[in-house]
Amino acid sequence: MIDLGSNSIRLVVFEGTARNPVTIFNEKAVVRLGRGLDSTGKLNADGMRQALLAMQRFHAVARSLGADPFEVLATAAVRDAANGPAFVDELHALMPGVPIRILSGEEEADYAATGVRCGLPRADGIVADIGGGSLELVRLEAGEKRSALTLRLGVIRLSDRAGGDLTRARGIVEQDLAEVEWLRDVPGPTLFLVGGAFRALARLQIARTFYPLNIVHQYEMRLDEAREMTGWIISSSKRMLERLPGAPRKRLEDLPFAAVVLRRLLRRVAPSRVVFCVDGLREGWYMRHVAAESLDEEPMLAAAQGLCRRLGRNQLLPPALLKWTDAAFAGPGGVLGGETDHDRLLREAACWMSDTGAFDHPEYRSEQTFLRVLRQQGVAFDHPTRAFLGLTLAIRYEAEPDLPFLQPARRLLDMDRFRRAEVLGLALRLAYALCAGVPELLEGTSLVAENGVLSLRLGADRGMFNGESVSRRLDRLAQTLGMQPELVTT
């Protein structure tokens with residue numbers, strides 16, 4: 001699909017119909033169709049010329065890749081411009097047979113909300129999707145839309161309305177937001193930030209703070225951190241921002257206006273946390289048109305199962321591993337004091353991903369698996385989850401927790417979560433020593449924690465597993481837990 005926005009045009013081609021969209025082509029052309037719209041009422045003439053060239057190329061690429069369905073979604077600039085319909089007629093002549101939809105403000109907000117739900121199906125809070133021409137606001141409760149509207153607060157339009165003056169822009173934003181009564185209805189909501197200008201703010205913050213993971217999607221900030229960041233952006237010169245690694249040069253002039261919008265939103269909403277989302281209108285389109293039937297699936301498990309199908313050796317093993325680890329981890333008597341629902345979900349995902357390094361070089365298997373999980377493309381994992389699962393699998397593949405390549409996990413995880421990953425990794429290491437990746441070999445064995453003793457119980461027909469490799473892994477797991485190991489043949 002092509003996202004025809006006020007600032008840029010982007011072609012995205014997705015592969016397959018999986019629960020989590022996989023992008024195989026993603027290209028953007030910055031044309032600034034909406035520049036001057038507020039004063040002229042028309043699309044920018046130079047922007048239209050550039051847009052027609054870009055659309056011709058995008059049409060050829062999409063057809064060559066066999067993209068189907070394929071359509072164009074036009075947003076605020078085309079929607080509001082007097083010459084928007086005439087421009088769409090030119091596009092129809094250039095791209096015969098391709099559907100071109102001009103979204104209403106509410107439709108644009110709906111797509112953005114669905115995009116957020118793609119990775120966070122039960123999201124609670126407020127979605128703010130900023131573009132060049134408009135700002136869409138959506139209130140979500142357990143993933144369901146409650147309220148939505150669009151405001152003329154896109155970065156290009158806000159700059160035009162304010163005559164390029166940030167002080168005037170602040171007053172405009174305050175006035176527009178004051179009219180949205182439901183923004184204060186939810187105490188301390190999560191604020192989900194969508195759109196290129198907000199993503200650019202996150203990239204700069206990641207660079208200036210030496211954050212250990214250069215991934216914007218599900219990057220989180222506290223309210224005080226977000227306030228400090230917006231103040232820094234507003235007060236920084238363009239030259240200073242350009243010096244940061246990965247600074248989005250084509251967006252630098254827009255960033256102070258994006259920061260003004262965010263700063264006013266923070267004051268108005270007072271969110272408990274701020275979460276940046278790469279998923280927006282385009283992913284919302286994907287979920288509605290390509291994978292609608294899978295929207296309610298758990299995205300973390302869908303991603304883990306997808307990795308297992310691509311890189312694992314046996315898809316029957318993960319359920320057996322989950323069952324095998326239940327006795328030691330589940331319930332109030334579990335080795336770590338029991339599990340929350342989220343803890344169990346992480347354990348299940350780790351079981352599904354636990355053999356995804358099978359075909360890597362043995363000398364680099366633990367590091368390769370850690371980096372694959374930490375940096376993988378996709379929507380399902382927040383940053384601590386990436387670190388937890390990556391650390392778990394690295395330890396399953398014999399890594400020691402103090403190795404230098406695991407430093408991002410030490411920064412992203414608190415002590416309790418780090419220990420949980422270490423223990424789970426050691427338990428999976430023991431399981432693979434028993435079964436060699438074959439689920440049938442786990443049958444007749446069990447791992448039980450009782451009264452300070454960690455007992456590995458082997459059935460009579462499994463006594464051949466009572467060897468050095470198994471006992472050494474059992475000892476290591478028990479030592480980490482501060483328990484006594486016991487190996488029993490029944």
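Helices (H or I, at least four residues) and strands (E, at least two) are taken here as DSSP runs and numbered from the N terminus. The model is predicted, so that local features need pLDDT of at least 70 and side-chain atom pairs count only at pLDDT 80 or more, while totals for chains, interfaces and linings use all residues. Residues are numbered from 1 along each chain as its sequence is written, and side-chain values use heavy atoms, without hydrogens and water.

The chain contains 20 helices and 14 strands. Its radius of gyration is 26 Å, close to the 23 Å from the globule rule for 490 residues, so the chain is as compact as a globular protein of that length. This radius is taken over C-alpha atoms, and the rule is 2.2 Å times the number of residues to the power 0.38. Of the 490 residues, 58% are buried, that is, under 20% relative accessible area (1.4 Å probe, protein chains only).

A pocket is an open set of points on a 1 Å grid over the protein atoms alone, where a 1.4 Å probe fits, with protein on both sides within 12 Å along at least five of seven lines; lining residues have an atom within 4 Å of a point. The largest pocket holds about 760 Å³ of space. Its lining comprises 33 residues, of which R199, R203, V216, H217 and V278 are the closest to the centre. At least two lining residues come from each of β2 (8–15), β3 (22–30), α8 (196–208) and α12 (281–289). Helix α8 gives the largest share, five residues.

Conventions: Points joined across faces, edges and corners; volume = space filled by probe spheres on them. Buried < 20%, exposed > 50% of the residue type's maximum accessible area, 1.4 Å probe, protein only.
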